[in-house]
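Student: I should like to learn how to read a structural model in an orderly way. Where should one begin?

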Amino acid sequence: MQANRSLALVAALLIGSAGAVQAEMHEEGHAGGTEKFEKYDKDGDGKISMEEAKEAGSEKLSENFESYDQDGDNALDQGEFARFESEETGEAEGGKEGHEGGGMEQDGGGM
């Protein structure tokens, strides 16, 4: 009985800690992404419009804007922009090529 209470207490502490870390990351703009978001968000309305994306000079974001705009409001909020950023970071580190699984196809054949 005592062991069950101890286990429940440990589980509650771990869950609480994970929630605190997530909240902190969100406040920092997904681990520091707020500064870049603000550079794109020229008018400071908390959204990035297609025009702002073009002005920022990001060809990939401009070309794929609609696919990142998950709620269809013709603007990217911080969460939608974070998705773009995470894919950009993945590509820069040799991650997947292109958006939505694009890139070189592998047919499994030899030369």
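The dialogue below moves from confidence and overall architecture to the core, the aromatic pairs and some loop residues.

Tutor: One begins with the origin of the coordinates. This is a predicted model, and the chain averages a pLDDT of 73, with 57% of the residues scoring at least 70.

Student: Which stretches have a pLDDT below 50?

Tutor: Residues 17-31 have a pLDDT below 50, and beyond near neighbours in sequence this stretch has nine contacts in the model. Residues 95-107 also have a pLDDT below 50; beyond near neighbours in sequence, that stretch has 19 contacts in the model. Where pLDDT is low, the predicted coordinates should not be read in detail.

Student: What is the secondary structure of the chain?

Tutor: The chain has seven helices and two strands. Read from the N terminus, the elements follow the order α-α-α-β-α-α-α-β-α.

Student: How should the overall burial and contacts be summarised?

Tutor: The chain has 111 residues, and buried residues make up 23% of them. The accessible surface comes to about 8,100 Å², and 52% of this belongs to carbon and sulfur atoms. Among contacts with a separation of 6 or more, 38% are between residues 24 or more positions apart.

Student: Which residues make up the largest nonpolar core?

Tutor: That core has ten residues in all: Phe37, Tyr40, Ile48, Ala53, Leu61, Phe65, Tyr68, Leu76, Phe81 and Phe84. Three helices, α3 (34-40), α6 (65-68) and α7 (78-92), each supply at least two residues of this core.

Student: To follow one member of the core, with which residues is Leu76 in contact, leaving aside its neighbours within four places in sequence?

Tutor: With those neighbours left aside, the contacts of Leu76 include the core residues Phe37, Ile48, Leu61, Phe65, Tyr68 and Phe81. Leu76 is also in contact with Gly46, Lys47 and Asp69.

Student: How many aromatic pairs does the structure hold, and how is the geometry of such a pair read?

Tutor: The structure holds four aromatic pairs. One reads the distance between ring centres together with the angle between ring planes, an angle over 60 degrees counting as edge-to-face. The rings of Phe37 and Phe81 have centres 5.6 Å apart and planes at 70°, so this pair is edge-to-face. The pair links distant parts of the chain, with Phe37 in helix α3 and Phe81 in helix α7, 44 residues apart.

Student: Are Phe37 and Phe81 buried or exposed?

Tutor: The cut-off for buried is under 20% relative accessible area. Phe37 has a relative accessible area of 3% and is therefore buried; Phe81, with 2%, is buried as well.

Tutor: A further pair joins Tyr68 and Phe84: it is edge-to-face, at 5.4 Å centre to centre with 80° between the planes. It links Tyr68 in helix α6 to Phe84 in helix α7, 16 residues apart. Both Tyr68 and Phe84 are buried. One aromatic cluster is formed by Phe37, Tyr40, Tyr68, Phe81 and Phe84.

Student: Let us turn to the loops. Is Ser58 buried or exposed?

Tutor: Position in a loop and burial are read separately. Ser58 lies in the loop between α4 (50-56) and α5 (59-63), and its relative accessible area is 11%, so Ser58 is buried. Leaving aside neighbours within four places in sequence, Ser58 is in contact with Tyr40, Ala53 and Phe84. Ser58 and Tyr40 are 18 residues apart along the chain, and their C-alpha atoms are separated by 9.4 Å. The side chain of Ser58 also reaches the backbone nitrogen of Leu61 at 3.2 Å.

Student: What is to be read from Gln70 and Asn74 in the loop between α6 and β2?

Tutor: Gln70 has a relative accessible area of 57% and is therefore exposed, the cut-off being over 50%. Beyond its neighbours within four places in sequence, Gln70 is in contact with Glu80 and Arg83. Gln70 and Glu80 are ten residues apart in sequence and 6.9 Å apart in space, C-alpha to C-alpha.

Tutor: Asn74 lies in that loop too, between α6 and β2 (75-76). For Asn74 one examines the backbone: its phi is positive, about 60°, although Asn74 is not a glycine. With a relative accessible area of 60%, Asn74 is exposed.

Technical notes. Residues numbered from 1 in each chain as written. Heavy atoms only, no water. Core = buried A, V, L, I, M, F, W, Y, C linked by side-chain atoms within 4.5 Å. Buried < 20%, exposed > 50% of the residue type's maximum accessible area, 1.4 Å probe, protein only. Helix = DSSP H or I, 4+ residues; strand = E, 2+ residues; numbered from the N terminus. Contact = heavy atoms within 4.5 Å. Areas by Shrake-Rupley, 256 points an atom, 1.4 Å probe, with all protein chains shown as cover. Phe/Tyr/Trp six-rings, centres within 6.5 Å; stacked < 30°, edge-to-face > 60°. pLDDT = per-residue confidence, 0-100. Polar contact = N/O pair within 3.5 Å; in protein donor to acceptor, adjacent residues only side chain to side chain.
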